[in-house]
Amino acid sequence: MSDGATRIAAAFSDSGRRAALMPYLMAGFPDIDTSVRIATAYADAGADLLELGVPFSDPLADGPVIHAAATRALESGATVHSVLEAGTRIAEQIPVVLMVYVNPILARGPERFAAELAQRGISGLIVPDLPLEESEPILAACDAHGVALVPLVAPTTPDDRMATIGRTARGFVYTVSVTGTTGERTSNQSDPATLLARVKDHSTVPVALGFGISNGAQAKAAADAGADGVIVGSRLVRAVAEAVDQGADPASAAGSVVAELADALVR
Amino acid sequence: MSAVEHRFGPYGGQYVPETLIPALVELEAAWVAAREDAGYRAELDALLNDYVGRPSPLYLASRLSEEAGHAVYLKREDLNHTGAHKINNALGQTLLAKRMGKTRIIAETGAGSHGVATATACALLGLECIVYMGTEDMRRQQPNVLRMELLGARVAPVDAGSRTLKEAVSATIRDWVSNVSDTHYVIGSCVGPAPFPALVRDLQRVIGDEARAQILEKTGRLPDRVIACVGGGSNAIGTFTGFVEDASVQLIGAEAAGEGIESGRHGAPLTVGGRGGVLHGSFSAIMQDEDGQILEAHSISAGLDYPGTGPEHAYLRDTGRAHYAGVTDGEALAAFKRLAELEGIIPALESAHAVAWVLAAGRETATEDTVDLICLSGRGDKDLAEALDKLGLTHE
Ligand SMILES: Cc1ncc(COP(=O)(O)O)c(C=O)c1O
């Protein structure tokens, strides 16, 4: 197993919770240094891994909350370089999986991008607009540098395709719980247990559930349904945005949401 | 049965969220079946003839030719029902969606031409229709917003970013990700993930196929140059495809140079060159910064105000089979006015870019024997307020 995959596997197995907790952070929102402070607050509040989002101009898989945060991060000057630098600092505290759209990877070149992640201690990579069909060059670069390329599956993914995706999965499988973009949802549209069981049938790595999970009850329900990990995004980005707009401390605001989620996942 | 192209050289592909992949697989299979199906073809051809008014005329524009110093023919897509080439694609895709059992149609629009065409097709076929449109474009193309609403479509305003076509496409893709089971996305140009670029080209090639037969019948020879404006590139690829095998015919794409290529405020990714990138699901020529962030385009014409382009055009450029050149806002405006004065034809501002190329760069490289064929992709009714204002021709 690669260095990145080993660190991710340990984060899942050592979590001590009913499911590993993986909060999302929009890097550079409201600015780079504050986002590093927010990451520290996540780690202190009990996060097991951290999904670090690179702001992108055209985030097709994201709903309005994350889209708006990305726009604000870019306006305040975030670059891929400054985000990766922040990633180095965060990875000293907690395992980091980078979430980035494909074009910034292609702009640097997959080889250079993967090498830089490895050198910075970033364990994994999630690319929401990189389906199996297009993943080969990036998977090869990640494998060569010991970075785990985490694939996504969705409720619309048929079984045979899930099997192929499962075979190339590194680190964990990111299961998109709903047919839709990121964003908070009041109820689960579909039954995550059935979906998770399908994914687990075809995967040898842990299976994490994300999209639409925003509170302790939903996180607990995900664990009940068999998720090995729970990913929470828009709820936390909203907490940061609200704190920024109200002049409050975004790190403590987002940290207390993570603490609540961690509580809900106590064994 | 030949497959649908996913790549044109290195360009194309399917860079979309996993959720959409099964829908693209389904669409490709449906298209492969439909295009070989005599029933589908007959239904589409009947509509293209009796409803759209095809074949559209090929017109020798005598006074324009006189001004240019050589023969200029106009392929009159502006005379189509709804006023642009967009209806060819919209009817083909909505008929396909109906065969696939989809009940809900979504589309993006920039200039409003594609939105109106899709709303029209949905009215005709009894399908629900939602059209995403940037709020800046809703302002620039107000008459088309009202048309779409009258046709029963819902126009969904998009307020993100530059509030133009790029954001409208992104919003439509997000809707599709959320409603993919009952919804078909009628994409308006030869862009997006496979199979869309090939599908849209196949539906638009009627322009080039007709034009080739018409010019042979009228003149007994092929044109020297075929010129079309390029936003996403659908009227251009539809026209070029008819002539791409004819090595003697030069293919020229007129992109929006906006305020000038040097200003950075343009919509000319093919003309500028540079490395390729992914926008809206395919790898092609795009406007981007060093980090791979997509840049905002600028053009006076909403339909060319787009930082990407169809992957097949990027391939035609790299292989040298087609050439792409920029036309500024000012040149396009002047051609808009000149075509009205000389021929009594008010072109869409998009199409005016192609006319402007013939009157400027094209004139310099022509001899008196040169024969040009321009795809006049649409009419200018939608642009009147904006163009007259920019030309300083409004009444108090
Ligand atoms: C009349 C007209 N021509 C051209 C275009 C540009 O699109 P494309 O390059 O796909 O033909 C548009 C787009 O809205 C249009 O309305």
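**Stop 1: a proline in chain A**

Select A:Pro30, which is found in the loop between β1 (20-26) and α2 (32-44) of chain A. Helices (H or I, at least four residues) and strands (E, at least two) on this tour are DSSP runs, numbered from the N terminus. Most peptide bonds are trans.

Before moving on, some housekeeping: this is a predicted model, where local features need pLDDT of at least 70 and side-chain atom pairs count only at pLDDT 80 or more, while totals for chains, interfaces and linings use all residues. Residues are numbered from 1 along each chain as its sequence is written, chains are lettered from A and ligands numbered from 1 in the order in which they are written, and side-chain values use heavy atoms, with hydrogens and water left out.

**Stop 2: a cis bond in chain B**

Jump to chain B and pick B:Ala194 and B:Pro195. The peptide bond from B:Ala194 to B:Pro195 is cis, with omega near 10 degrees. B:Pro195 sits in the loop between β8 (183-185) and α9 (196-219) of chain B.

**Stop 3: positive phi**

Back to chain A for A:Phe211, in the loop between β8 (207-210) and α10 (216-224). Check its backbone: phi of A:Phe211 is near 80 degrees, a positive value in a residue other than glycine. Most residues other than glycine have a negative phi. Is A:Phe211 buried or exposed? A:Phe211 is buried, because its relative accessible area is 9% (buried means under 20%, exposed over 50%, partly exposed in between, with a 1.4 Å probe and protein chains only).

Then select B:Arg163, in the loop between β7 (154-158) and α8 (165-178) of chain B. Here phi is near 60 degrees, again positive in a residue other than glycine. B:Arg163 has 35% relative accessibility, so it counts as partly exposed.

**Stop 4: the ligand**

Show everything around the ligand. Which residues come nearest? Of the 18 residues around the ligand, they are B:Ser113, B:Ser189, B:Gly233, B:Ser234 and B:Ser377 (near means that a heavy atom of the residue lies within 4 Å). Colour the shell by type and you get five nonpolar, 11 polar and two charged residues.

An N or O atom in the side chain of B:Ser234 is 2.7 Å from an oxygen atom of the ligand. For the side chain of B:His85, the distance from an N or O atom to a ligand oxygen is 2.9 Å. At B:Gly232 use the backbone, where an N or O atom lies 3.3 Å from an oxygen atom of the ligand. The protein covers 97% of the 390 Å² of accessible area that the ligand has on its own.

**Stop 5: inside and outside**

Select B:Ala117 in helix α5 (residues 113-125) of chain B. B:Ala117 is buried, with a relative accessible area of 0%. Draw a line from B:Ala117 to B:Ala257: they are 140 residues apart in sequence and 26 Å apart in space, C-alpha to C-alpha.

A:Val97 counts as buried, at 0% relative accessibility.

Finish at A:Arg267, in the segment after α12 (250-264) of chain A. A:Arg267 is exposed, with a relative accessible area of 69%. A:Arg267 and A:Leu106 are 161 residues apart in sequence and 42 Å apart in space, C-alpha to C-alpha.

Key: A polar contact is a pair of N or O atoms within 3.5 Å; within protein, one must be able to donate a hydrogen and the other to accept it, and residues adjacent in sequence count only if both atoms are side-chain atoms. Accessible areas come from the Shrake-Rupley method with a 1.4 Å probe; for residues, only the protein chains shown count as cover. Ala, Val, Leu, Ile, Met, Phe, Trp, Tyr, Cys and Pro count as nonpolar, Asp, Glu, Lys and Arg as charged, and the others, Gly among them, as polar.
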